[in-house]
Amino acid sequence: MRIGAHVDSADPLSEAAARTAEAAQFFLSDPQGWKAPKPREDADRLRAAEVDLYVHAPYVINVATLNNRIRIPSRKLLLGHATAAAEIGAKGLIVHGGHVNAGDDLAVGFDNWRKTFAYAADSGGFTLPVLIENTAGGDNACARRLDALARLWDAVGEYEVGFCLDTCHAHAGGEELLDLVDRVKAITGRIDLVHANNSKDAFGSGRDRHDNLAGGSIDPDLVVDVIRAANAPVIVETPGGPDGQGADIAFLRDRLGAGSPAA
């Protein structure tokens, strides 16, 4: 089981080393912007690294929306990030499940997800696994609650789609962590990555505010149980930089019986 952290994109390998991490997740462009990622000068070094790399797509991407001015650029940006992530040897591209606006038909949002993969297929397909991530808030979200996730997978299941399970998002979104992996896998058949985060806010709050594993409102043992059951790579997206995230990684290695890379 590979355990790592979300790090600054300037030098992700050095950031991973500072945390004794076996995996690193980072952005390839401004997460709040619409600019396509630029080629990286360190692409050869990243491809050759022993650290497993994951790329998180920008937060602005929302392929589910009925708003053409957002949906169409979102499709193009998602495809561009997939291409750029593959060029550095990333193992997956994580993207939030998105939402429709109040009053819009959520069924159209699920079909827009299907059309996103069809659009990519027309261009030769995504060049690496796209991992849809569950989200914390919104009554019109496509991947907050498991009933919505089931409808989403009905729409996209014909394609090769992966899933990223975020423990903070599940808790804040109103899904109990106990037996969550079994319930998710009954829908998706897979969990490709776990975002192991505690939550600063209460169960069902709908608020996406991560905390370190030993803090927050989630029993850390439940997070460990999710990781053990998922048996997938782990990324912590917790506060505190190398010290805070390094402590979270060490905590997980200790509880899961996983030695450090140097061990």
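Buried here means under 20% relative accessible area, and this cut-off applies to every view below of this predicted model.

**View 1. Helix α9 and the elements against which its buried residues pack.** The buried residues of α9 are G244, Q245, G246, D248, I249, L252, R253 and L256, and they pack against β1 (3-6), α8 (220-230) and β10 (234-236).

**View 2. The buried acidic residue E133 and its contacts.** E133 lies in strand β5 (residues 130-133) and is buried, yet it has no salt bridge. The nearest side chain of opposite charge belongs to R144, which is 13 Å away; a salt bridge would require a side-chain nitrogen of Lys or Arg within 4 Å of a carboxyl oxygen, so R144 does not qualify as a partner. When residues up to four places away in sequence are not counted, E133 touches H56, I94, V95, H96, G97, A143, C164, D166, H169, H195 and E237.

**View 3. The largest cavity and its lining.** A search of the whole structure finds one cavity of 30 Å³ or more, and about 50 Å³ of space lies in the largest cavity. Its lining is formed by N134, A143, R144, L146, L149, F163, L165, A170, E175, L180 and V184, with α5 (146-156), β6 (162-166) and α7 (180-188) being the elements that give two or more residues to it.

**View 4. The salt bridge between E175 and R183.** The closest N and O atoms of E175 and R183 are 3.2 Å apart. E175 counts as buried because its relative accessibility is 9%, whereas R183 is partly exposed, with a relative accessible area of 29%.

**View 5. The salt bridge between E160 and R190.** The side chains of E160 and R190 meet at 2.8 Å, N to O, and the pair links distant parts of the chain, with E160 in the loop between α5 and β6 and R190, 30 residues apart from it, in the loop between α7 and β7 (193-195). E160 is exposed, with a relative accessible area of 63%, while R190, at 22% relative accessibility, counts as partly exposed.

Terms used
Residues are numbered from 1 along each chain as its sequence is written. This is a predicted model: local features need pLDDT of at least 70, side-chain atom pairs count only at pLDDT 80 or more; totals for chains, interfaces and linings use all residues. Side-chain values use heavy atoms; hydrogens and water are left out. Buried means under 20% relative accessible area, exposed over 50%, partly exposed in between (1.4 Å probe, protein chains only). Helices (H or I, at least four residues) and strands (E, at least two) are DSSP runs, numbered from the N terminus. Contact means heavy atoms within 4.5 Å. Lys and Arg count as positive and Asp and Glu as negative; His and the chain ends are not counted. On a 1 Å grid over the protein atoms alone, a cavity is a set of points where a 1.4 Å probe fits but cannot get out, and a pocket is an open set with protein on both sides within 12 Å along at least five of seven lines; lining residues have an atom within 4 Å of a point. Grid points are joined across faces, edges and corners, and a volume is the space filled by probe spheres set on the points.
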